[in-house]
4 protein chains.
Amino acid sequence: IMTVMITSAASTQVFVNRSLTLENIRCYGFDMDYTLALYKSPDYESLGFELIRDRMVSIGYPHELLRYTYDPSFATRGLVVDTKYGNLLKVDSNGNILVCSHGFRFLKGEDVHNYYPNKFIQRGDTERFYILNTLFNLSETYLYACLVDFFTRCTRYSNLINGFQHGDLLMSFRSMFQDVRDAMDFIHDTGILKERTIKNLEKYVIRDPKLPVLLRRIKEVAKVFLATNSDYMSYKFHISSSFQPGGAKPSWHSFFDLVVVDTRKPLFFAEGTVLRQVDTNTGKLRIGTYTGDLQHGTVYSGGSSDIVCDLLDVKGKDVLYVGDHIFGDILKSKKRQGWKTFLVVPELSKELHVWEEKKNLFEELKRLDVFLAELYTKSPPAGLQVLTYRMDMSYGQMGSLLRSGARQTLFASQLMRYADLYSSTCINLLHYPFNYLFMAPPVLMPHEATTDLTVTQNDVKTNKTE
Amino acid sequence: IMTVMITSAASTQVFVNRSLTLENIRCYGFDMDYTLALYKSPDYESLGFELIRDRMVSIGYPHELLRYTYDPSFATRGLVVDTKYGNLLKVDSNGNILVCSHGFRFLKGEDVHNYYPNKFIQRGDTERFYILNTLFNLSETYLYACLVDFFTRCTRYSNLINGFQHGDLLMSFRSMFQDVRDAMDFIHDTGILKERTIKNLEKYVIRDPKLPVLLRRIKEVAKVFLATNSDYMSYKFHISSSFQPGGAKPSWHSFFDLVVVDTRKPLFFAEGTVLRQVDTNTGKLRIGTYTGDLQHGTVYSGGSSDIVCDLLDVKGKDVLYVGDHIFGDILKSKKRQGWKTFLVVPELSKELHVWEEKKNLFEELKRLDVFLAELYTKSPPAGLQVLTYRMDMSYGQMGSLLRSGARQTLFASQLMRYADLYSSTCINLLHYPFNYLFMAPPVLMPHEATTDLTVTQNDVKTNKTE
Amino acid sequence: IMTVMITSAASTQVFVNRSLTLENIRCYGFDMDYTLALYKSPDYESLGFELIRDRMVSIGYPHELLRYTYDPSFATRGLVVDTKYGNLLKVDSNGNILVCSHGFRFLKGEDVHNYYPNKFIQRGDTERFYILNTLFNLSETYLYACLVDFFTRCTRYSNLINGFQHGDLLMSFRSMFQDVRDAMDFIHDTGILKERTIKNLEKYVIRDPKLPVLLRRIKEVAKVFLATNSDYMSYKFHISSSFQPGGAKPSWHSFFDLVVVDTRKPLFFAEGTVLRQVDTNTGKLRIGTYTGDLQHGTVYSGGSSDIVCDLLDVKGKDVLYVGDHIFGDILKSKKRQGWKTFLVVPELSKELHVWEEKKNLFEELKRLDVFLAELYTKSPPAGLQVLTYRMDMSYGQMGSLLRSGARQTLFASQLMRYADLYSSTCINLLHYPFNYLFMAPPVLMPHEATTDLTVTQNDVKTNKTE
Amino acid sequence: IMTVMITSAASTQVFVNRSLTLENIRCYGFDMDYTLALYKSPDYESLGFELIRDRMVSIGYPHELLRYTYDPSFATRGLVVDTKYGNLLKVDSNGNILVCSHGFRFLKGEDVHNYYPNKFIQRGDTERFYILNTLFNLSETYLYACLVDFFTRCTRYSNLINGFQHGDLLMSFRSMFQDVRDAMDFIHDTGILKERTIKNLEKYVIRDPKLPVLLRRIKEVAKVFLATNSDYMSYKFHISSSFQPGGAKPSWHSFFDLVVVDTRKPLFFAEGTVLRQVDTNTGKLRIGTYTGDLQHGTVYSGGSSDIVCDLLDVKGKDVLYVGDHIFGDILKSKKRQGWKTFLVVPELSKELHVWEEKKNLFEELKRLDVFLAELYTKSPPAGLQVLTYRMDMSYGQMGSLLRSGARQTLFASQLMRYADLYSSTCINLLHYPFNYLFMAPPVLMPHEATTDLTVTQNDVKTNKTE
């Protein structure tokens, strides 16, 4: 019982990478998708998967693909697709490969070495490597693995280094990935995904009654805006479905001093686009640019972070921006505008749960590490690998979003660099008063952390090096 | 006594950011300056300071400058010069300003705010901001502070936002910084600095008898190369003076399988330049490119990291490169080539010493933090600031190279991201056998670190937010 | 009668900037729009204008705009929109301003000077300046002038430097241009333009029976491909409507060895995209990439100029590419691939006609020039300006596509630099045998051209400078 | 007799690409080298050649090189070095190859084809292709040809595609070119070239008594500045030696309102550097930046074109800048600043002389062209090639600086695009009054030029194509 309670407690917490005094925040900004508009996992990912899978078959991919169903235990966010070789990679902040799968087959050391002799990728090569940064990408990631799995096994196709061949037809890993991306765009652009979501709102959308409470409380102490890349109609649908569990229609525009749709983040954090007003009756853009004082409840389209700060009369350091996209929302708002940032990581509930349950494995890993450091054998023994594997498998087949054994993922390192705060949901802000001082836990550098054990460790070493 | 012993032990240690098995390293590379060629601090910085100060006066700067002498307690490495406003800045990895000085005056919050409304700089603006990354830069940093100090006080000059005015003459912060940089180039290019160093080798150069021992041992188990941006004559001078404390002339070429001068790092880690052979009798370049097998003791000029790997028949992941320059040596070799990296941080001896002695301040800071987190008062109380200040002052006027109170500097964050290993000197490698397994201490993310105290903390919060 | 005959003869000619031997061309490539698919001018531009004008009103622009109708005498291709000030500019190859209009008002010297003190723009600033390079752009250009005209006159709006203000609403020149561009995309993307064209094919589309004759003849001596940015459906519609004036359906696929749609020129001439096969029954893309031998009549999507050369087994210098887009078709194919180029300039018929009729004005201009050169008065006299104006007005309000008085436009200079051949239509190739040697007229440089008159001219000068 | 007179007259003329009214020019700017400071050709190039040749031998190149002497008939300016294959290329504005030599061997069609299958280079690849734009480059160009000639013939070396091999030594074309460049820098930086020039001023430097006359006259009507990339000492030397044919020392500072040295063109035309004052007694830079009114005769270092316009209170369009460097002086000042430009082309005297003498060959070429256009034979007959060759050889082995037969070089096309005026020397401005109106000869486009002969030509064609 206790464990559950602790976990639940942890899952309502906000975590701190850099200290931040809430009282100094004069303005709160929110992204929409996966921040204010929340989806039920894995049902929503499963819906997305089925729609793009069916789309693939309808454009000519083999019917056998219809047999695949979404498996939430396979993919995590932040995986990198190598469109040249069709692999899914989990990498650390320097591009070192932590996990590599080809379809559903996880590659061993030698196989990885054949593809990547340095066990390392230059992820700056964005023509080749594509990072699956959003939760929307999970369905795509899984479908891509299904495709590679199917063609690898299918006897009609022969396996080449850059794809699969059947007669005169080459299914290159590159073109297959392009098809998956296009299918994803298709289900968004045609509105199929939205339509299916509306048909079964209860199944796909989370309606948390605490969300209006949070926004109302924030509004008492600070300005609030919403800035989303979605268009006005998506905004209207999501906000209305998220906020109204039934009953009378509240005026949800009232929560925000400013709503900006079509923001084109990350461009929004740089030069941006022209700011237009949205006619909230028709959903169409008004012509021209509104230049008067901020009118409450006005919805805008386009613009830039500079314009938003001007309209709300705040400076970059006064803003806390809450979003789920590490690159578009967090990294860019921090790097270019110096905003304070809050990253929403829905997976964190599960990560915390597993961590609580399996922390003992990590402790064991640490003990083994110390032991190994003293033994300095050539390579990590089977024991270490078994422990890492057991720990990783507790999270899912790709392991944790944030680590692989004792090593952190690219996603984890970016989370720590760019997000001042993070939590599984922005609603957790409710548990803190608006004058709260979030204190970052002190991070010790290796030389600071290890000074305590210096004597013994050094003694051991000195003996051994003689 | 115990404290001293511990400190001394720590200062001979190699610290680990990412685990690394020495046994897998097939090739060791070394930078020269501040890696193999070591200088006595602060005498050497002091010499550099005096030479550039005198140079400034000789090109027309006021004679009053001659009164300034080098103060090693002022500057640390990694400071950023704002050439627009003449300030020295200590920043964190996101560009947030930790410390700001104008001349020798340390600016308070409001003054900083006047210059930088967001307390934040976009350090990507390399036209404006210049990062003083090497130990050679310390003399410049201090001289620049002297200049700003002098003109600020001097009644002949009036203070402007971008410099100082005297009649028709504008001394812009930008031109003054350019003059300091030119003076530094002058004492290097004319050989004055080298000449003065030679005259008093004992005073300026560290000759560690363990250095040849280290290189000889490495050579038994792996290939060794040296890659320096210096020219052949500087290489010859430094290596001979560092390696020969007197007595017979050993054949120091024999330590290296390959010596490369004029490397033009960081270009060396990208496309590089034409590889030439150096005639070690005359110091001149041979014409053409040597294409035969590697000849022991050959000295080359130019080339690239790819060529070096080819000549030595190793892959990037087999190389451990040891250097002192976080950008030119470490970041680039890691990002572009996937090399393993070892950063030499001579300041670490002092940092460790202070840390050992003042750790109690840090503990107090941590306790105060927890206390504050529960009190969530508007802003950090005087007590916190006093503690941070006291801790910083233990290191020097600009505080530690690596932190300011509980916050880490840009230098510290780059060290942790890009250096696999670090130590105060590469000689510390001697204390480890060549099959040693360096284990990185596990880094816990905030949500992992805080799960233990969740219950109580959350209780407190829940009560408070009612 | 004689004049007409001459003009008609000239209008069937192919003109030569760089000599080219047709016999060496092993492969002919064609763009589709305005190259093989021809539209009746000004009916088609008029249709486009009405559709985007109506669209503007439907998104909220004032109904008064409906009063404007398309005036083909106003705009020429190659005009530059200054989105900052709302001006239309005609410039020469160095960015010097030749003509400047604000709405329909043509600005005089001083007014131009107020906007552009140097009478010169840096057209590299593509954020601000937009070049209207295609014939499709004519409708937009005219509508933009209508907008500026309307708001300038409308008493409800006050004129600002960057737009028009009405109460709290700013109609910036920038946002108005964006709206025009979006309206143009709207009528293309929704298919409205195509639908209206189909309803009245006779009115809008030119069906030249000589086109199939030309393609059939070319096919006898060389390979032929079509490469268009349009999608397959547009290709199908245009080709079938252009080629079949009624009667039995010929197999127009048979004219081409290769048809490539969705080419994304100018990207097509660089790295390009994945090459896909189009299912000509459904119009959908086939999955995978066809790797077998070239099959006659196959239609592809995507790809790159390199792939096309590979499939057709030709080199860049063997290809003559015929298109109407100076940047996307001609400049890029020449600069990146070294293709021979043939620019289709439909306006040339009219330009030639005017030239023939008004050449005497040009002769007069030249005589006046020589006279002026000897008088060297301070500035060109009214006579010169009147002549230039009269000559320009013979072409239209913006003057010729290619010149303004004696000065050439940016379009003319690019035509001369990048197009090897040009003509009013590609059908004119029919008048030359396929082993024809196109000889470029020798271009004399000023010092070569003027050597004849040196003696007298110099005599005059020498006298005057005494 | 008559011919000579005509030529001499032409050689004192200023030629016009774009009309320009001298009366509107409020400010004249001059580059120094090859503009105000003139050298005697070929003696000066010969001196440069010998110095770099000797330098090459002193760094290890074979002594046999000393046998080579400078041949002024070989190279022209504007040649492109292909550092990959060691070829010298003469190209047109689209990168088409006009002439190609390997050492002193001129390659025929098939040999060119082997190196460049498309007979075309992408000159944007500046890593590989180096354009020899200045007259200083002539010595280098010739020496590079000597090197390739020597090693090609030398039996000790075998010929590879990328250089020459001798035992383990590879002399790559790339490294040889780097050595030539370095040798050139060496003779400039060490002052050897200047020293040797001073020793024999009469032999190497042109002292034209008309230069002070020109500058004095200009000063009466406009402002005058000098902007050179040379340092102050070079400026002092050149100006004094050019201006004083003996006798009393005139105050040559007095010719200029502003002298700027160390300009770092083309950077000078963009952001530039800090502007410093030069102490004309010591030649050293003063510290700080002078901010008062312009003082006559002051010499500055650095700065930018914007600063110069501010100091002289003129706008870009008021400036006529006179220089010899097509890229650094002319293209950049025109493109970025909209300055009027005057290109000094010392070779023009000879070009004009040859043109006058051999114009009949060109006429013959034209007649042959018309004839050929009617015959449309497969490829130009031997007659055409012989004529082109004879015409080219009249200029030198590489032909004219400006054309190859009827085709223009890259240099010629840039001259026409970017220089408003050009002449063999700026002194020719003396022959025009300062209110002169330079009229550009009207350039007819092919379709304008050919309308006269339309009827007959078209008749011929129509017959033939039946």
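This is a predicted model: local features need pLDDT of at least 70, side-chain atom pairs count only at pLDDT 80 or more; totals for chains, interfaces and linings use all residues.
What rotation superposes chain A on chain C? A rotation of 180° does so, with 0.0 Å of shift along its axis and an RMSD of 0.0 Å.

Residues are numbered from 1 along each chain as its sequence is written, chains are lettered from A in the order in which they are written, and side-chain values use heavy atoms, without hydrogens and water.

Now look inside. The largest nonpolar core has 93 residues. Such a core joins buried (under 20% relative accessible area, 1.4 Å probe, protein chains only) Ala, Val, Leu, Ile, Met, Phe, Trp, Tyr and Cys residues through side-chain atoms within 4.5 Å. C:Leu22, C:Tyr28 and C:Tyr61 touch the most other members. Helix α4 of chain C (residues 137-153) gives the most to this core, with 10 residues. Beyond its neighbours within four places in sequence, C:Leu22 is in contact (heavy atoms within 4.5 Å) with residues including C:Tyr28, C:Leu320 and C:Phe438.

Turn to chain B. Helices α2 (residues 43-58) and α5 (residues 173-189) pack at about 120°, with their axes 9 Å apart. Helices here are DSSP runs (H or I, at least four residues). Their axes are lines fitted to C-alpha atoms over the stretch in contact, and angles run from 0 to 180 degrees between N-to-C directions. Among the residues that meet are B:Leu51 in α2(B) and B:Val180 in α5(B).

Terms used:
Helices (H or I, at least four residues) and strands (E, at least two) are DSSP runs, numbered from the N terminus. Copies are superposed by least squares on the C-alpha atoms of residues with pLDDT of at least 70 in both. Buried means under 20% relative accessible area, exposed over 50%, partly exposed in between (1.4 Å probe, protein chains only).
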